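The sequence and structure come first.

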Amino acid sequence: ALMGSNCFLKGYLPVNLSQLTMFNQIYFEGNDEITGPPETGGNLPDEWKDWQKVYNLQFNNLKKLNSTLPKAWVSGSWQLAFLQLNGCAIHGQLPDEYENWTSLTRLSVANNFLDGPLPRWSAGTTSLNSLDLTSNKFSGDLSNLSFWRLTKLTSISLSNNQLTGNL
């Protein structure tokens, strides 16, 4: 595991971080001054989609990260199971492509600035068992979503959003 929690780290996460092939878990938490790579406009890099061994990626309270969620992460060979990006100033929409991320079992993107509608959740996300979208700006009618297709889902948190309707 590569861990960098509460170390007062400054700078940016490099695009080539995925070349560190010996790690299977990456944790960075509470390092307020970390941003995304300058060559990606500060966004999390698409290149991480080929991170072969990392199954657990947790970035929490990286308040200056200020990134969107890369659509390309789903299309790579990355077998990520656990993605947690809480309190990282993530903005934009939750990509529709994430509904087809077959290896993902836990998605937690709480306390960010994500907005727009939620994906419709197709049968491709049958491994997802935990979904935390708390405290964002998601909007739309929950009754239009197909959470019933998520047969392994045991935990869902949608509080503090702008959602309407019934599950």
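Contact here means heavy atoms within 4.5 Å. The model is predicted.

**Asparagine 31**
- The loop between β3 and β4 (33-35) holds N31.
- N31 has 0% relative accessibility and therefore counts as buried, the cut-off being under 20%.
- Leaving out residues up to four places away in sequence, N31 touches G4, S5, N6, C7, F8, L9, N61 and L62.
- A polar atom of the N31 side chain lies 3.0 Å from the backbone nitrogen of C7.

**Nonpolar core**
- The largest nonpolar core has 43 residues, and F59, L83 and F147 touch the most other members.
- Two or more residues each are given to this core by β3 (25-29), β5 (56-60), α1 (72-75) and β6 (82-86).
- Neighbours within four places in sequence aside, F59 is in contact with L13, I26, F28, L44, W48, L65, Q84, L85, N86 and C88.
- In soluble globular proteins, nonpolar side chains tend to be buried together.

**Parallel sheet**
- An open sheet is formed by four strands with parallel pairing, in the order β7-β9-β11-β13.
- β7 (91-93) and β13 (162-164) each have a single partner strand, so one side of each is left without a neighbour in the sheet.
- On average, neighbouring strands of this sheet are turned by 20° against each other, direction ignored.
- β11 (residues 137-141) and β13 run parallel and are joined by three bridges.
- Opposite S139 stands Q162 in β13.

Terms used
Residues numbered from 1 in each chain as written. Predicted model: local features only at pLDDT ≥ 70, side-chain atom pairs only at ≥ 80, totals over all residues. Heavy atoms only, no water. Pairing = 2+ DSSP bridges. Axes fitted to C-alpha atoms, helices over the stretch in contact; angles between N-to-C directions. Core = buried A, V, L, I, M, F, W, Y, C linked by side-chain atoms within 4.5 Å. Buried < 20%, exposed > 50% of the residue type's maximum accessible area, 1.4 Å probe, protein only. Polar contact = N/O pair within 3.5 Å; in protein donor to acceptor, adjacent residues only side chain to side chain.
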